[in-house]
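Here is a briefing on one protein model. It covers the fold, then side-chain pairs, then the surface.

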Amino acid sequence: KDGVVAASAEGILVSDKGKSSYRKPYVEAFGDQLQNEKKSWGSYRVIDETGESLTIKITLKAGHEMNYHSHEHRDETWTILSGKGKSIVDGMTQEVCAGDVITIQAGCRHKLVADTELKVIEVQLGKEISVHDKRKYENV
C-alpha cells in the first residue's frame with residue numbers, strides 16, 4: 001500500500017513510498033535508457049545497444065500514434081514487422097504495412113500512426129543517442 005516497486009533488467013528496487021527522495025541516486029545509476037516500458041499507446045523493448053546505434057522493438061496499439069517529433073543527433077530507420085498504419089515524415093503521409101522500410105534523417109519531423117496494431121523495429125544511428133534528443137511539434 002505504501003511501497004514502490006521498480007523492476008528492470010538490472011534488478012528490482014523496493015522502497016517505502018514516503019522515502020522516495022532517497023531512491024533517486026539508485027534509479028539514476030541505471031542510466032537514461034529504459035530497456036522495457038509499457039505505455040498507454042503500446043510498448044517498446046531495447047534489443048541491442050552499441051556506442052553509435054540502438055535497436056528497439058516498438059508495439060503501437062491500434063488507433064494510437066507517436067508524437068510528431070525530430071532528433072538533431074541521430075538518423076532512424078523503421079522496419080514494419082506487422083500491422084497497417086501511416087508514417088508521416090516532414091509532412092508527407094505514406095501508408096505502411098509489413099515489409100516496408102522508412103528512413104528518417106536527423107532533423108526530419110516524423111511519427112507513426114497505427115490503424116491496426118503495428119509492430120516495428122526502430123534502428124537509431126548517431127554519435128549522440130539520448131532520450132533528451134527529441135523535439136516535439138504540433139500534430140499534423
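In what order do the 6 strands of the open sheet lie, and with what pairing? The order is 3-4-5-12-7-10, and the pairing is antiparallel. This is a predicted model: local features need pLDDT of at least 70, side-chain atom pairs count only at pLDDT 80 or more, and totals for chains, interfaces and linings use all residues. Residues are numbered from 1 along each chain as its sequence is written, and side-chain values use heavy atoms, with hydrogens and water left out.

**Fold**

- The protein has 1 helix and 13 strands. Helices (H or I, at least four residues) and strands (E, at least two) are DSSP runs, numbered from the N terminus.
- Along the sequence the pattern reads β-β-α-β-β-β-β-β-β-β-β-β-β-β.
- Of the 140 residues, 31% are buried. Buried means under 20% relative accessible area, exposed means over 50%, and partly exposed lies in between (1.4 Å probe, protein chains only).

- Strand 4 (residues 42-50) and strand 5 (residues 53-60) run antiparallel and are joined by 8 bridges. Two strands pair if DSSP finds at least two bridges between them.
- S43 has T59 in strand 5 as its bridge partner.

**Aromatic pair**

- The structure contains 1 aromatic pair. Y68 and Y137 form it edge-to-face, at 6.3 Å centre to centre and with 65 degrees between the planes.
- Rings of Phe, Tyr and Trp (its six-membered ring) pair if their centres lie within 6.5 Å; planes under 30 degrees apart count as stacked, over 60 as edge-to-face and the rest as tilted.
- Why does this pair tie together parts that are 69 residues apart in sequence? Y68 lies in the loop between strand 5 and strand 6 (69-70), and Y137 lies in the segment after strand 13 (135-136).
- Both Y68 and Y137 are buried.

**Salt bridges**

- The whole structure holds 5 salt bridges. The criterion is a side-chain nitrogen of Lys or Arg within 4 Å of a carboxyl oxygen of Asp or Glu.
- D115 and K86 meet at 3.0 Å, N to O. D115 sits in the loop between strand 11 (110-114) and strand 12 (118-125) and K86 in strand 8 (residues 84-89), so the pair ties together parts 29 residues apart in sequence.
- D115 is partly exposed at 39% relative accessibility, as is K86 at 23%.
- E37 and K39 form another salt bridge (3.4 Å, N to O). E37 is partly exposed at 23%, and K39 is partly exposed at 36%.
- E117 pairs with K119, their closest N and O atoms being 3.9 Å apart. E117 counts as partly exposed at 41%, and K119 counts as partly exposed at 25%.

**Nonpolar surface patch**

- V5, I12 and V14 form a nonpolar surface patch with about 340 Å² of accessible area together. Patches are made of residues with over 30% relative accessible area and no salt bridge: like charges are joined within 9 Å, nonpolar side chains (Val, Leu, Ile, Met, Phe, Trp, Tyr) within 5 Å.
- Accessible areas come from the Shrake-Rupley method with a 1.4 Å probe; for residues, only the protein chains shown count as cover.
- V5 belongs to strand 1 (residues 3-8). V5 counts as exposed because its relative accessibility is 59%.
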